[in-house]
Amino acid sequence: MSGNALRDLNTLPGSERKNGSSSQGNFAKLYCENSDENVEKWERKNSASLVSTTVNGDGTVNPGVEIGNSEVEYIESENLSDVDDIDTCVRTLLAGLDSKDWILVCESLNNVRRLFIFHKEALLDMLEDVIPLIVKSLKNPRSAVCKTAIMTSADLFNAYNDHLIDSLDPLLVQLLLKSSQDKRFVCEAAERALVAMTTWVSPTMLLAKLQPYLKNKNPRIRAKASMCLSRSIPRLGVEGIKSYGFDKLILVAASQLSDQLPESREAARTLLLELQTVYEKSHDPTLTVSEHSELSSWEHFCRSKLAPLSAQAVLRVTNIGREGLVLGS
């Protein structure tokens, strides 16, 4: 995990670190300090009337200060059209992404998406410059910019797959943070971007990036990382899972079974059932552990690998194994 990613996680409020709860607004407050009511309503409708509010000296709000007549829309990837002039677009791209004009930033992000989709080779050599500016927009307190950057991240994963693995850490930490906040339309966009990541980035490369977040102090971060992990591991296939190591993956899943949030526990349960299925496919089911053993091969395997954990943790894992046998019978 990069130093920048760690610093981003360390910006979480103290109360988050103590009890992991952000449902009362601490987490959202950190990233949405300067959002106003008009902007939020606009964003929830997926378009923007470019209106801002100002605060008078006496603290009253002076609404409706017009700053433009254009509109910014959240455009789904399949509805994006090609750019008119590739050379001009590429030449002005970095300046637009780094602009202080948030409308221009949104327009530039959508142009990045168009280039990802229609001319990805044109940006291949510029990714080292483009990705940090996408991350900058992900951190933007204006949710219109943030959501557009999230959608850009999804298109980035789709376009470049494993080519961006060395630049993944700052993107990953921001997407985990955004998918864990209370602002629903931003959260949902971030979750879709994480699904794109687990779909298009190689699981063998992704697992090492995800595992540190399974121990994060924020339970929402842990839950989102667990969900990503449970989606990635089946993509390894039988041989990939065997190569990576059943024992490592069982320990990872077992550690999440007692986690605070149900999303994390359910992701761990799903992963363990997947591992059980793969294990039983890769072992001869006619072989018994011992002549008098009442344990299945899977249960015996789990107990042998989970010995460092508490008896209660071992029981939780083997109980899930029994549930899997019942469901499969």
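Start with helix H13, where the buried residues include Pro219, Arg220, Ile221, Arg222, Ala223 and Lys224. Ala225, Ser226, Cys228, Leu229, Ser230 and Ser232 are buried in H13 too. The model is a predicted one. Twelve of the 14 residues of H13 are buried, so the rest of the structure largely encloses this helix.

What covers those buried residues? Part of the cover is H10, helix H11 (184-200) and helix H12 (203-210). Helix H15 (246-256) and helix H16 (262-282) are also among the covering elements.

Now check the length of H13. The helix runs over residues 219-232. At 1.5 Å a residue, its 14 residues should span 20 Å, and its end C-alpha atoms are 20 Å apart, so the two values agree. The N-terminal end of H13 has a cap, asparagine 218. A side-chain oxygen of asparagine 218 lies 2.8 Å from the backbone nitrogen of arginine 220.

Most residues other than glycine have a negative phi. Is asparagine 161 buried or partly exposed? With a relative accessible area of 26%, asparagine 161 is partly exposed, because buried means under 20%.

Finally, step back to the whole protein. It has 18 helices and two strands. Of its 329 residues, 46% are buried. Take the contacts between residues at least 6 apart in sequence: 67% of them join residues at least 24 apart. The protein exposes about 16500 Å², and carbon and sulfur atoms supply 50% of that area.

Note on methods:
Residues numbered from 1 in each chain as written. Predicted model: local features only at pLDDT ≥ 70, side-chain atom pairs only at ≥ 80, totals over all residues. Heavy atoms only, no water. Helix = DSSP H or I, 4+ residues; strand = E, 2+ residues; numbered from the N terminus. Buried < 20%, exposed > 50% of the residue type's maximum accessible area, 1.4 Å probe, protein only. Contact = heavy atoms within 4.5 Å. Areas by Shrake-Rupley, 256 points an atom, 1.4 Å probe, with all protein chains shown as cover. Expected span 1.5 Å × (residues − 1). Polar contact = N/O pair within 3.5 Å; in protein donor to acceptor, adjacent residues only side chain to side chain.
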